Amino acid sequence: MRIKRIRTAVGALACALAAWSSTVMADEALDSVIGCMRANIPNTVQIKEVELISTDRVGATRTLRGRLYGTREDDRLRAMMKIGSPADLAGAAYLMREKAEGDEMYVYVPALQKVRRITGAGVDGALWGTDISYGDVRQLNNAFTSGRSVLEGGGELGGRKVHHLAVTPDPAEASRFSMVKVWVDQQSCVSLRADFMEGGLVGKRLEIDPASLRQSGTHWYAGEALMTDLKEGTQTRLKVLGLSSDVNLSGRYFNPSTFYLGS
């Protein structure tokens with residue numbers, strides 16, 4: 001009887017150790033993927049021109065052009081986008097500041113000459129009428145590492161090996177999406193696809209053609225991406241026209257009081 005109890009105890013311990021070992025390995029694999037994604041974000045980046053081409057459900061299009069700036073302060077991301085055209089939106093600007101206690105987002109409205117902070121449900125609001133929301137810009141700039149991530153395995157997408165992540169947004173973000181499923185290219189650490197889930201359905205989908213992947217120094221980025229709103233039947237194509245990484249950028253681009261001033 002005593003030997004049987006010992007064997008039972010040893011078996012239970014072995015199972016516990018195996019489960020612990022499996023959890024540690026899974027955590028290490030997840031940390032490796034997220035670490036690669038974060039390392040692919042330059043300390044500073046300046047996109048000389050970004051183009052947003054929106055198409056509504058009847059096929060009418062509208063094109064926005066502007067500039068995008070990004071930096072990291074104490075490994076916290078800052079991103080600012082400013083619109084140059086069309087004329088009715090010229091001067092509009094958006095700022096995202098990643099913080100440990102919750103990200104900050106601001107938008108400058110030229111017609112009102114006011115800076116407005118985006119909070120709560122406003123995070124899911126459309127960025128200047130496109131299919132990209134204020135929250136999407138944050139996720140795109142911080143490589144989908146905002147929230148709780150789980151590594152769900154690997155596979156192939158577009159002929160390239162990928163990691164598959166499931167990202168649950170922080171409840172404090174008040175996002176309408178319950179989860180974001182992300183496919184990360186193993187070579188470049190760029191997200192090639194992201195499904196924004198509303199319950200069991202895909203509400204929006206981000207797709208990147210691997211052929212559009214480009215390098216600036218040691219960093220990879222997508223030259224073109226497509227965001228589709230599957231519920232509304234609309235889409236926005238984002239094109240990056242020229243990028244410089246690890247350049248000197250003024251702090252005013254990322255200050256809530258001054259981000260909308262100047263070029």
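Q: With which residues is T228 in contact, leaving aside its neighbours within four places in sequence?
A: In this predicted model, T228 is in contact with G203, K204, R205, E207, T234 and Q235 once those sequence neighbours are set aside, where contact means heavy atoms within 4.5 Å. The model is read so that local features need pLDDT of at least 70 and side-chain atom pairs count only at pLDDT 80 or more, while totals for chains, interfaces and linings use all residues. Residues are numbered from 1 along each chain as its sequence is written, and side-chain values use heavy atoms, with hydrogens and water left out.

Q: Why is T228 called buried?
A: Buried means under 20% relative accessible area, exposed means over 50%, and partly exposed lies in between (1.4 Å probe, protein chains only); T228 has a relative accessible area of 15%, and therefore counts as buried. T228 belongs to strand 14 (residues 224-229), helices (H or I, at least four residues) and strands (E, at least two) being DSSP runs numbered from the N terminus.

Q: What makes Q113 exposed?
A: The relative accessible area of Q113 is 64%, which is over the 50% limit, so the residue is called exposed. Q113 sits in the loop between strand 5 (104-109) and strand 6 (114-117), and, although not a glycine, has a positive phi of about 50°.

Q: Is W128 buried or exposed, and why?
A: W128 counts as buried because its relative accessibility is 13%, under the 20% limit. W128 is placed in the loop between strand 6 and helix 2 (134-141), and this non-glycine residue also has a positive phi, of about 55°. Most residues other than glycine have a negative phi.

Q: What makes a set of residues a nonpolar core, the term used for the set that includes Y94 and W128?
A: The term denotes a set of buried Ala, Val, Leu, Ile, Met, Phe, Trp, Tyr and Cys residues joined through side-chain atoms within 4.5 Å. The largest such core has 49 residues, and Y94 and W128 have the most contacts inside it. Another core, of ten residues, lies apart from it, with L95, Y108, Y253 and F254 among its members.

Q: How do you know that strand 9 pairs with strand 10?
A: Two strands pair if DSSP finds at least two bridges between them; six bridges join strand 9 (residues 179-185) to strand 10 (residues 191-198), and the two run antiparallel. One of the bridges has K181 partnered with D195 in strand 10. Strand 9 also pairs in the antiparallel sense with strand 8 (residues 160-168), over six bridges.
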